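Here are some exercises to work through with the sequence and the coordinates side by side. Try each task yourself before reading its solution.

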Amino acid sequence: MGKAVRIGCGAGFWGDSPEGPRQLVRSGDIDYLVMDYLAEITMSIMARMKAKRPDLGYATDFVSAVMKPLAREIADKRIKVVTNAGGINPEACREALLAVFREQNVALKVAVVRGDDLSASADRYRADGTKEMFTGAPMPERLASVNAYLGAFPIAQALAAGADVVITGRVVDSAVVLGPLIQEFGWRATDYDLLSAGSLAGHVAECGTQVTGGIVTDWRSVSGWDDMGFPIVECSADGTFVVTKPAGTGGLVTPETVAEQIVYEVGDPARYVLPDVVADWRAVRLEQVEPGRVRVSGARGSPPTDSYKVSATYADGYRAVATMMIVGREAAAKAKAAGEAIRSRCTRLLREAGHGPFAECSIEVLGSEANYGALARRSDSREVVLKLAVRHTSKDALQIFSREIYPAATAMAQGTTGFAGGRPEPQPVVRLFSFLAPKRDVEISVAFDGEILPVADHVSPLPAQPAGDAATAEPIATPSPGCPLAVVPLIALARGRSGDKGDTANIGVLARKAGYLPWLRRSLSPEAVARHMAHIVRGRVERFDWPGLDGLNLVLHESLGGGGVASLRHDPQGKALAQILMEFPVEVPAAWLEPGGDLESWQAEATA
């Protein structure tokens with residue numbers, strides 16, 4: 001088998017527990033510690049930080065909570081560190097880190113990957129008529145940040161030069177794992193299957209404990225939430241890898257937990273476009289080789305495109321959010337009435353003060369199954385939370401909203417309480433503008449040991465493959481004439497995981513048994529899913545087959561109210577969408593529910 005490289009991911013987002021890196025460094029027996037801090041929301045927050053203070057704009061807790069207490073152990077164990085903690089200011093992150101190393105007399109060398117910041121080219125892109133890649137909207141006049149998703153080869157070059165710590169700005173999340181694998185195994189830019197496999201290893205690990213039993217559908221099967229094990233991917237030169245976690249930690253590593261993470265935030269599994277490769281993960285296979293160890297194989301790849309995806313952010317007015325609890329009989333009805341009254345009152349006061357109306361207003365009654373829309377069943381709840389969120393171009397207008405929230409405590413429904421947080425403060429709305437930039441326009445370099453090392457152009461010499469046909473050719477169940485059918489909720493037949501990309505969400509649906517899949521295809525048509533989620537989805541629904549995982553991937557366009565910090569929803573990232581879909585009614589043979597049938601145990605639990 002040759003050597004295996006053990007890479008542990010100690011952070012899946014900015015704000016993740018510093019217990020992850022400590023756990024991996026002290027008991028993970030790892031070669032590399034990687035941490036993924038960046039999301040589209042995070043970049044907008046960092047842009048605001050840097051605008052206020054030029055020495056900020058990076059994940060500060062990477063330096064203070066991770067590296068400062070662990071630097072000596074990392075150096076002694078010769079663990080290399082790769083992270084995108086640099087955000088939009090990687091040089092400031094490096095300087096803060098070097099100060100910690102000097103203070104502790106630790107001789108770790110730090111490299112910075114440069115080139116993702118394309119702010120200086122924004123005017124040229126605008127003059128060229130650049131459009132938003134999903135909506136076709138023109139580029140805004142003022143942008144807060146403009147960052148390309150770079151690939152893994154610059155990271156590999158930094159490691160080859162001798163760096164102990166590699167700090168990047170915006171790279172595709174999986175690159176922090178793929179970069180070390182390129183360096184360790186000597187993978188070339190044309191080794192597409194291997195690059196796809198390494199990217200899959202990064203995709204599996206990038207969200208931390210999400211792959212080791214976190215947020216799984218069958219949550220009762222997972223123990224140890226208080227000490228969850230962070231993921232380790234044990235990678236081989238042939239592209240296969242084993243997912244595991246430190247011994248003695250909580251969580252669960254099974255084909256089911258790994259599969260749920262694989263489908264997270266993916267569109268077409270036949271064409272997952274990354275900077276270094278176009279990945280095809282349809283034939284991925286999962287095998288439980290030992291307890292707590294799952295082997296992953298079957299990734300394929302084809303040449304990458306000649307463009308980088310670029311995420312720009314821009315200011316679009318302000319938002320304010322307020323919550324209050326309402327208790328008693330008809331709590332949901334009282335909350336809805338209070339929300340409408342506050343909106344009406346504020347609209348009148350805005351007009352009298354010379355302001356226009358709210359650009360957007362969201363009223364959600366949490367606890368009444370508001371996210372289920374017309375499918376909600378709990379209108380009789382006696383305790384709910386009213387959430388009000390509004391957006392306006394004027395910060396002063398939102399001060400009126402903030403002032404007029406709390407009079408509800410004495411003017412509206414009895415049982416209204418929960419104002420301990422004080423008046424809501426208006427916050428900037430930062431929207432995402434995504435577009436494609438030719439790779440030839442992006443100059444990438446590595447700053448290391450006082451030198452600037454240019455990075456070779458890794459644009460593939462081969463043409464990119466055209467997009468595959470998304471239409472399914474997989475079998476769809478056809479009931480026999482006279483065969484009685486019964487209806488069960490989707491959760492009886494499948495598990496699910498949902499995630500976000502801007503204003504688009506995906507829901508991966510994974511059959512509990514391969515034999516269920518034709519019946520899932522029969523019921524879960526794009527049109528039927530669109531009807532079921534009509535209160536959330538404004539665009540189209542696409543469906544892709546995922547045969548290697550016995551699953552389907554549903555892509556819901558325009559489903560997150562703008563997504564990220566631009567959304568006024570309580571669930572702006574679609575984390576709850578899979579759970580909502582789990583109630584979808586699926587027709588199956590009635591015999592499955594009878595004694596001896598596939599769903600006999602589920603039927604017994606459902607009627608208990």
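**Exercise 1. Which residue of β7 does I7 stand opposite?**

A word on the ground rules before the solution. This is a predicted model, in which local features need pLDDT of at least 70 and side-chain atom pairs count only at pLDDT 80 or more, while totals for chains, interfaces and linings use all residues. Residues are numbered from 1 along each chain as its sequence is written, and side-chain values use heavy atoms, with hydrogens and water left out.

Step 1. Helices (H or I, at least four residues) and strands (E, at least two) are DSSP runs, numbered from the N terminus. Two strands pair if DSSP finds at least two bridges between them.

Step 2. Strand β1 (residues 4–9) pairs with β7 in the antiparallel sense over five bridges. Opposite I7 stands V233.

Step 3. Now turn to β8 (residues 241–244), which pairs with β7 in the antiparallel sense over four bridges. Here T244 is the bridge partner of I232. β7 and β8 form a hairpin with four residues between them, and G239 in the turn has a positive phi of about 95 degrees.

**Exercise 2. Classify two aromatic pairs and locate their rings.**

Step 1. A pair of aromatic rings is described by the distance of the centres and the angle of the planes. Rings of Phe, Tyr and Trp (its six-membered ring) pair if their centres lie within 6.5 Å; planes under 30 degrees apart are stacked, over 60 edge-to-face, and the rest tilted.

Step 2. The whole structure holds 10 aromatic pairs. One of them joins Y272 and W281, whose centres are 5.0 Å apart with 55 degrees between the planes, a tilted pair. Y272 is buried at 15% relative accessible area, and W281 is buried at 0%.

Step 3. For F358 and F401 the centres are 6.1 Å apart and the planes stand at 90 degrees, so this pair is edge-to-face. F358 is in the loop between α10 (331–352) and β15 (360–366) and F401 in helix α11 (residues 395–404), so the pair ties together parts that are 43 residues apart in sequence. F358 counts as buried at 13%, as does F401 at 2%.

**Exercise 3. Look for positive phi in residues other than glycine.**

Step 1. E330 has phi near 55 degrees. It is found in the loop between β14 (307–327) and α10, and is exposed at 61% relative accessibility.

Step 2. E558 has phi near 50 degrees. Its place is the loop between β25 (551–556) and α15 (577–581), where E558 is partly exposed at 45%.

Methods
Buried < 20%, exposed > 50% of the residue type's maximum accessible area, 1.4 Å probe, protein only.
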